[in-house]
Amino acid sequence: MSTFDFDGHSVNAEPGDTVGSALYRAGQRVFSRSFKYHRPRGLLCAAGRCPNCLVNVNGVPNMPACVTPAREGMVVRHQNAWPSLETDALSAAQHFDFLMPVGWYYKVFRSLKLWHMVEPHIRAVAGLGEPPGVDEIKGEYEHAWWHAEVAVVGGGSSGMAAALEYAGRGASVVLIDDQPSLGGRARYQSSAADLAAVRERVSNEAGVRVLSRSYCFGLFEGNLLGVLQPNPHGAVKERLIHLRAGHVVVAAGAYETPLVFANNDLPGVMLSTAAQRLIRLHGIKPAATAVVVGGGPRAAGVVADLKNAGVRIAGVVEPAAIRSASGGHCVTGVKTDTGSIPCDLLVICGPLVPDAGLLAQAGAKLVWNQAHGAFLPTGLPPNVSAVGSVCGTGLAGTPANRGGASKRSFVCVCSDVTTADLDGAVREGFDHIETLKRYTTTTMGPCQGRMCQLAAVEICAGLTGRSMDATGVTTSRPPNPPVSLGALAGPRHHPIRRTPMHDEHQQLGAVWLDMGDWKRPRYYRAGSGDETACVRAEYQAVRERVGLIDVSTLGKLILQGRDAGKLLDKVYTHRFSDLKPGRVRYAVICDESGVILDDGTIAALAGDRYFISTTTGNLEFVDQWLRWWLAGTGWDAWLTNMTSGFAAVNLAGPKARETLRKITDCDLSSESFPYMGCREAEVAGVRSLLVRIGFVGETGWEIHCPAEEGPKVWQALMKAGAEFDIRPFGIEAQRLLRLEKKHVIVGVDTDALTTPIDAGMTWVARLDKPDFVGRAALTQASQAPPRESLVGFEMQDDTLPDDGAPVVLGGRPVGRVTSARYSPVRQRTIGMAWVPVDHAAEGSAIAIRSGGRLVQALVKQAAFHDPEGGRLRQ
Amino acid sequence: MFSLLRKERMWRSHDLRRRYDVVIVGAGVHGLSTAYHLGQLHGVRSVALLDRGYLGGGNSGRNTAILRSNYRTPEGIPFYDASVKLYEQMSEELGWNVMFSQCGHLTLAHSDAGIVGLRVRAENNQLMGVDSRLIDLGEIRRLVPGMDLSDRARYPILAALYHPPGGVIRHDAVVWGYARACDRMGIEIHTDTEVTGIRRNGRKIESVVTNRGEIATETVLNCTAGWATTISDMVSVPLPIVSYPLQACVTQPLKPFLHHVIVSATLHVYVNQTDKGELVIGAEIDPYQSYNMRATLPTLEQMATYTLELFPQLHAIRVLRQWGGICDMTPDFAPIIGCAEEVDRFYMNVGWGTYGFKAAPAAGKFTAEMIATGSTPGIIAPFTPARFRAGKLLGEKAAAAVSH
Ligand SMILES: Cc1cc2nc3c(=O)[nH]c(=O)nc-3n(C[C@H](O)[C@H](O)[C@H](O)COP(=O)(O)OP(=O)(O)OC[C@H]3O[C@@H](n4cnc5c(N)ncnc54)[C@H](O)[C@@H]3O)c2cc1C
Ligand code: FES
């Protein structure tokens, strides 16, 4: 025996108890308050399918008490009632229900002002459970991926039979059941001996893997079942199993639903299966005196169970004869056509509804069957089948007892929708089952319509005079039953990518910047300097001496094959098939509308072998894009992603050559290794690829070497450069250096509509090539003047506009600053901006909004630093 | 108060007439708004609204109903601003509460680049008179105390674009309110009426063929969102539209704790809490084009993952249902409103993608003016279908990674 706490009282629980059964045994009858009217509600289904027993367990709101296993020390709290479950102030709402018929809020608050006034008050009383506190972030979840030849959903007698049959034929079977043990309703309706025999056979069948206490919440495309398994092991709270099955057998059975009559929601009005569960699974005597509503063998079975439990049967009543339940907090009797019968439990043999949601998700059509009194699945896809009560087996229609329109006959217990509400809504024209649902919110509560859908359809059909089939059911949507966000999200790993030289940077005082998954040094903290001072020092090293930056995050792809050049010509705007081995070219990819997607460089290593670099963020995209355009061509071209295989650095500055020369035999003179050339050579004894390019505007080499040798090369370069006071530099210094060169960064200076023509890079688009992606659009764009151009500017005063500040003309935004920095070479603020074409000429004055005021800048066409590029070629 | 007890039909059903002056295909919010404004402002009431399903069963009944006007471009901002203003008047105008809750809208930035993007919007909005500004962590914390603003997140929140007039609306209420107003003016709404063909003679439209019979008309308006190209194909008008599923989900109801709309483009997610207490969570579009509205597990998992990045304490809160709609995406994330170049009086008000609910009042109003007067109002002129031929795309895509 264990004990837990409920609203400050200690409650005893027997082995096998749920929170709900233990509370019921302890005498608790009111479990919750209803959503709208705050009416008391008690155990109704005892199967986790209705909204009546939602409680807060250990801080988690909206947990169904009736299926939550009771554990020692649990803290259970009621919800949605104040000050207590027994006396809830807001239950006064039900006395004003005449003011709140369905849809009242649409009709009463017909001005925005009024609505803004009342909405906060409506909000304040909404919702069920309290949200968890912000620090409640613990919870371990797991994802798993399983495969099975056959998955059987539902461990009742037909599910077990199906599992045994398929296993007998040699198939691997997974049998999923949401109860603690197999058997389905046989657990509380049949003899223990019969059940034990089948269970035994299932557990002896090696081909069947049983997942108990686990539920299947959705059947998705390609026979993918979402299965939730609580407490699979250790501290893991829930595991979500993605179960892909060759064949799915749905044997989910049928569940019982309430009858609709006045006060049918009172605590003490209970479904027959709920009473049977309490008696036979938990050994509880549910009441002293019961009335059973129903007939035939079902009613007889329940009567027998009740009697065995010691309950006095005060009467067995046909559903059609029921008028209302009476009682305040709990049922005290029942009124029938012939009189009143006192009782403290009203047991309802309600309509059984096939649990066909998964089948509907798989594409089955649900068709009304009068004899079975149920919508039955038809037209199943070939690899899905259904057995047992979910197809109607054993279901005998229950005579409907829907009374007339009444404000106390609840159809939807989740949302407090009555027959009067449905009647009103249909008369207002909401007579399609889908509009009726949305207007009244019937079937949209926490139970997702399990308790009310059938009744709502019957009532709608009755009111409109349409057939059940013409009325139809609302769409079944996953997840049903509900699934936690945590289980869906799974273990939340947050990948962090570090370059091979990460530790070097750390030691050098790197301040980190996230770029996608990567960590990159933003700048290196040196001495007591602030960011600006540090960046300035790094900048100066590159301009005056030599600097080193880790560029390992660049995407690195190798393309080889006879047709490699052809593929590059097709995908990139430039021509590459004529690129001589040992040469490098700037490379831009556009989409069909000419918009720049990525840029980088391509080095020809041999006639049929190219080394492609991409921007850090676009590697995966470029990789896929190249493969996409290659697919189906039959070309001989092979793409390999080498990004993690290589470390890369960029050594730049007037002393770069002298530095590098110390540790390589490669002839670095401009005559034998010119700008935009590439060589394979040893650097510090490591076989490397040297590419002579200059993003930062100085003589420099990009050096790619095997990742594991990265730190060695880095250290060797730092050592070789020590004599020139080499500095590592970070992203911030690089951004400033490149800005002075007006080198474009894709995604910073360009956006999702920029073409190379707009960006002033007409030269990259080789319109004379017969074909490449984006050619048509770029040809068109090149014939008309662009609307905007990307220009450089210099501020006229010492304002430093933020990146993103607008360029303003006549009070309207007409462009934006993409990047602005103080430029040490120009000794004033410079930047790049998009401006209207007629403001793009050299010396044009533009107005930039900064800190709420307009400041002047002048357009500069040429690069701010070394416009002729002489330093690059030195 | 008596209005509560009166049970009037919101809209009636009719037999199809042989001809109408205007036939609108698609009775979603755009079709309804256009019909309403045709009747209300231009006296055009011989209008049939045809929908193959139930009223509002398309995206208009499936969206997350976020309204805002903090767009990026000088074309987009005044247009969406006009629309939000029309929404502000709508309850009064229709005599029906559309539950516009102007709770305020926050777009989060998780990187330097993200901040720059938001700054562009904030600045442009301010210049054009829209209430929108960049706010820092302190102010975010004050507005949304329940959100994880710590730096333990992988991509910590750095700043937000705050847009106080933005919020959410009850989408169905808008649809029903418009439908009622249309019905009162004699405009006919025909549900369960599928358009299967459009007959034309040269440049002129002659009739619209439906599963319930043929209707003579010279003027057709295409408002079929995800199915837009299936209708324009009937008159051989090419549209640069592709259809992608977009999914959303809702959780169990909780007591109110989140009073703003939260959007994160980095995390591809947007979240708000309804007046019923449920959290509504939206995803980015599915990776594949499709007309299939079946919910998918990977998208649901993504929505959950991203929501927990913002609200890790909600891990045990359960999702109740998940659904999808089919979005009509254009190359520049701006709509297509105008008359076809190839066919006379074949109008369209489509391409609303993932963001069109907020635009319906303004789009409908100006589309109605275009149909009734034959000339295109300046405010919708940038959305002309001719822009694609001319290569003059609009700049909203730049701000539209997740755009609602
Ligand atoms: C999950 C999701 C979230 C969204 N979130 C937002 C948001 O937060 N904010 C926002 O502003 N927008 C949002 N949107 C977008 C918005 O919902 C749509 O842009 C808008 O509703 C489009 O309205 P519509 O009237 O053009 O189309 P719809 O409402 O889709 O109407 C089109 C109608 O055409 C009918 N139809 C199609 N073919 C035919 C035919 N052959 N004959 C007759 N009828 C036909 C359909 O049945 C349908 O009813 C979201 C969309 C989705 C799917
Ligand atoms: S009873 Fe649960 S949704 Fe209606």
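## Exercises with chains A and B

In chain A, the buried residues of α17(A) are covered by elements that include β32 (555-560), β33 (584-590), β34 (596-606), β35 (609-614) and α18 (619-630). This is a predicted model, where local features need pLDDT of at least 70, side-chain atom pairs count only at pLDDT 80 or more, and totals for chains, interfaces and linings use all residues. Residues are numbered from 1 along each chain as its sequence is written, while chains are lettered from A and ligands numbered from 1 in the order in which they are written.

**Exercise 1. A covered helix**

Work out how many residues of helix α17 (564-571) of chain A are buried, and which ones.

*Step 1.* Helices (H or I, at least four residues) and strands (E, at least two) are DSSP runs, numbered from the N terminus. Buried means 20 or more other C-beta atoms within 10 Å of the residue's own, exposed means 12 or fewer, and partly exposed is in between, with C-beta atoms placed from the backbone.

*Step 2.* Count along the helix: 7 of the 8 residues of α17(A) are buried.

*Step 3.* Name them: A:Ala564, A:Gly565, A:Leu567, A:Leu568, A:Asp569, A:Lys570 and A:Val571.

**Exercise 2. A lysine in a loop**

Find out where A:Lys769 sits and which residues it touches.

*Step 1.* A:Lys769 lies in the loop between α21 (731-740) and α22 (775-783) of chain A.

*Step 2.* A:Lys769 has 15 other C-beta atoms within 10 Å, so this lysine counts as partly exposed.

*Step 3.* Leave out residues up to four places away in sequence, and A:Lys769 touches A:Asp569 and A:Arg575. Touching here is contact: two C-beta atoms, placed from the backbone, within 7 Å.

*Step 4.* Now check a distance: the C-alpha atoms of A:Lys769 and A:Leu630 are 139 residues apart along the chain and separated by 18 Å.

**Exercise 3. Strands that pair**

Which strands pair with β32(A), and in which sense?

*Step 1.* Strands pair if DSSP finds at least two bridges between them.

*Step 2.* β32(A) and β35(A) run antiparallel, joined by 6 bridges. In this pair, A:Lys556 is opposite A:Ser613.

*Step 3.* β32(A) also pairs with β36 (638-641) of chain A, again antiparallel, over 4 bridges. Here A:Leu559 faces A:Leu639.

**Exercise 4. A sheet made from both chains**

*Step 1.* Look at where the chains join: β28 (483-484) of chain A runs antiparallel to β17(B), with 2 bridges. A:Ser484 is opposite B:Arg318 there.

*Step 2.* For a parallel pair, go to β4 (105-109) and β14 (261-264) of chain B, which share 4 bridges. B:Leu108 stands opposite B:Ser264.

**Exercise 5. Where the chains touch**

How many residues does each chain bring to the contact, and which element of chain B gives the most?

*Step 1.* Chain B brings 74 residues and chain A brings 82.

*Step 2.* On the side of chain B that touches chain A, α4(B) gives the most, with 8 residues.

*Step 3.* Sort that side of chain B by class, and you get 34 nonpolar, 22 polar and 18 charged residues. Nonpolar covers Ala, Val, Leu, Ile, Met, Phe, Trp, Tyr, Cys and Pro; charged covers Asp, Glu, Lys and Arg; the others, Gly among them, are polar.

**Exercise 6. Around ligand 1**

Which of the 40 residues around ligand 1 come nearest, and which elements give two or more residues to the shell?

*Step 1.* A residue is near if its C-beta atom, placed from the backbone, lies within 6 Å.

*Step 2.* B:Gly26, B:Gly28, B:Gly58, B:Gly325 and B:Gly356 come nearest.

*Step 3.* The elements are α2 (29-42), β13 (242-251) and β17 (318-329) of chain B.

*Step 4.* By class, the shell has 17 nonpolar, 18 polar and 5 charged residues.
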